[in-house]
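Morning, everyone. I'll take you through one structure today, piece by piece. Please have a look at it first.

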Amino acid sequence: MQAYRGKVLTGILAAILMLTFVLSGCGNSGTNAGNEGNTGNQGNQGSTNETANNGKTDEKPAEKVTVEFWANKFEDTTDAWFKKWTDEFNKTHEDIQIKLTIVPGDAWAQKLKAAQAAGKAPDIMTKSYSGIAPAAKNGEIKPLNDLMDPAVFEDLYDNVKEFVTVGDQYYAYPKLVEPSAVLYYRKDLFEAAGLDPAKPPVTWAELIEYGKKLTQKGIFGLSTAQTAPDLGWSSWGLQYNATGHLPITEDWSKADVMHDGYKALLNYYKTLYQEGIIPKQQLSAYADAAPFGQGKLAMTISGSWAMGLFRNDYKNMLDKIGVAPMPSIDGDQTKPTSTLGGWTLVVDGKSKKPEAAAKYIEWLLAGDPAIMIDFFKTSQFSKFSPRKSVDEAMNQDPAASADEWRKLIAEKVIPYAKAEPNYPWDISIAFSTAIESAMKGEDVDKALQKAEKTINDYIAKSSLAGTNPK
């Protein structure tokens with residue numbers, strides 16, 4: 001209709017044209033009303049519309065941007081949470097449509113690789129902390145500093161900020177953290193063994209002492225990781241605890257394992273195994289705390305996720321379970337004993353819709369604390385917030401504030417935990433193989449010497465020196 005504005009007409013011609021103008025306006029209004037929300041057919045709304053506008057439309061409704069989001073398959077409750085809040089985002093944002101796809105873990109790598117090769121990678125994807133620095137270095141993900149409000153990064157805990165930064169750029173926004181090592185113990189078995197359930201062990205020596213007293217027929221005193229693949233990641237926090245560093249130098253130029261702290265760490269595991277405090281054959285994978293719930297163990301070390309298992313599957317014994325920080329080498333529980341695993345959302349490095357993608361991430365993970373509180377409730381508070389404001393809000397939430405397990409881990413474990421390392425898995429396996437070998441009888445010094453050689457050989461073969469992206 002705007003094509004007719006400003007024309008100066010006179011006489012009968014002006015009247016005729018004015019009548020045409022009015023009639024055309026009414027017809028056009030009806031056509032638009034019948035196509036509300038249809039943004040793809042503006043040029044095909046009927047002959048009346050074309051006549052009134054000489055075949056042109058001056059103003060089109062803004063088209064919705066469709067953003068592809070791929071999420072790893074997690075627990076059913078997590079999948080449902082993603083769907084619930086993505087639907088809510090789509091309802092409340094007229095300009096952006098998020099298309100959520102849940103991808104099973106065993107298909108993730110292959111599906112993503114194929115999509116990237118075809119130039120069809122999702123705009124948003126889930127990514128673990130350990131994958132952020134390598135992906136940033138290779139340009140696989142975009143920095144978020146200029147795409148999101150700087151204030152949302154200030155809301156993160158200081159140690160968690162380090163997990164998602166490379167240089168001075170933020171490359172991900174964290175959803176959760178999960179401490180890898182927490183001590184769970186049976187309060188009733190403590191009392192039966194003459195131990196005070198209000199005073200769990202705080203040193204490795206005490207843990208060994210308690211383990212001996214708690215070991216009895218049919219019940220082992222403790223369970224922890226025992227095989228190299230499990231030890232490869234579950235012992236990272238204890239490696240930091242023992243020495244203040246990991247078994248490779250910061251610049252990845254050489255191994256750094258010949259240390260008294262590492263000798264103490266290997267001897268700790270060796271004593272547990274040789275004294276029969278832990279079973280000769282691991283009852284389950286480290287991540288699976290079911291044997292503790294089944295009554296086969298007096299103590300177990302597992303991640304915070306075990307709380308969800310106990311609360312869902314072993315409700316009849318919850319009043320018997322105590323929770324404590326993993327003991328430290330010297331009893332100082334401000335030293336790390338755990339690493340923080342967890343998941344983030346990132347924007348693909350080749351996304352053509354980075355602003356829209358970042359807007360969704362900011363709304364979901366960095367916006368209203370109620371959204372994330374809903375997630376932590378669904379996880380039975382077995383996962384934890386990387387955001388200060390969410391924790392502050394949870395302290396006002398009746399269910400969250402009453403949860404002593406959540407409070408203990410949030411206050412006494414997470415603030416001192418370290419990030420998972422970003423070096424190749426081969427380094428972790430080389431060191432964890434040394435732990436397993438020492439457990440099963442090899443001399444500690446020889447086990448460490450083998451680890452040192454294996455790590456140095458890998459560094460040389462892979463030209464790893466000087467490539468640490470952090």
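**Salt bridges, a sheet and a buried Asn**

D188 has 27% relative accessibility, so D188 counts as partly exposed. The cut-offs: buried is under 20% relative accessible area, exposed is over 50%, and partly exposed lies in between, with a 1.4 Å probe and protein chains only.

A word on the source. This is a predicted model, where local features need pLDDT of at least 70, side-chain atom pairs count only at pLDDT 80 or more, and totals for chains, interfaces and linings use all residues. Residues are numbered from 1 along each chain as its sequence is written, and side-chain values use heavy atoms, with hydrogens and water left out.

Back to D188. Its side chain meets that of R186 in a salt bridge, at 2.8 Å from N to O. By salt bridge I mean a side-chain nitrogen of Lys or Arg within 4 Å of a carboxyl oxygen of Asp or Glu. R186 is buried, at 10%.

How many salt bridges does this rule give? The count is 21.

Take E75 and K383. Their closest N and O atoms are 3.1 Å apart. E75 sits in the loop between β1 and α3, K383 in the loop between α16 and α17, so the pair ties together parts 308 residues apart in sequence. Helices (H or I, at least four residues) and strands (E, at least two) are DSSP runs, numbered from the N terminus. E75 is partly exposed at 37%. K383 is buried at 7%.

Then there is a network: K73, D76 and D79 are linked by salt bridges. Within it, D76 and K73 bring N and O to 2.8 Å. D76 is exposed at 59%, and K73 is partly exposed at 38%.

Now the sheet. Three strands form an open, antiparallel sheet in the order β9-β8-β10. β9 and β10 stand at the edges with a single partner strand each, so one side of each has no neighbour in the sheet. Pairing here takes at least two DSSP bridges between two strands. β8, residues 182-186, has 4 bridges to β9. One partner pair is V182 with S302.

Helix α9 lies across β8 and β9, at about 135 degrees to β9. Helix α19 touches β8 and β10, at about 10 degrees to β10. Axes are lines fitted to C-alpha atoms, for helices over the stretch in contact, and angles run from 0 to 180 degrees between N-to-C directions.

Last, N159, in helix α7. Buried or exposed? Buried, at 15%. Leaving aside neighbours within four places in sequence, N159 contacts L340, I414, P415 and A417. Contact means heavy atoms within 4.5 Å.
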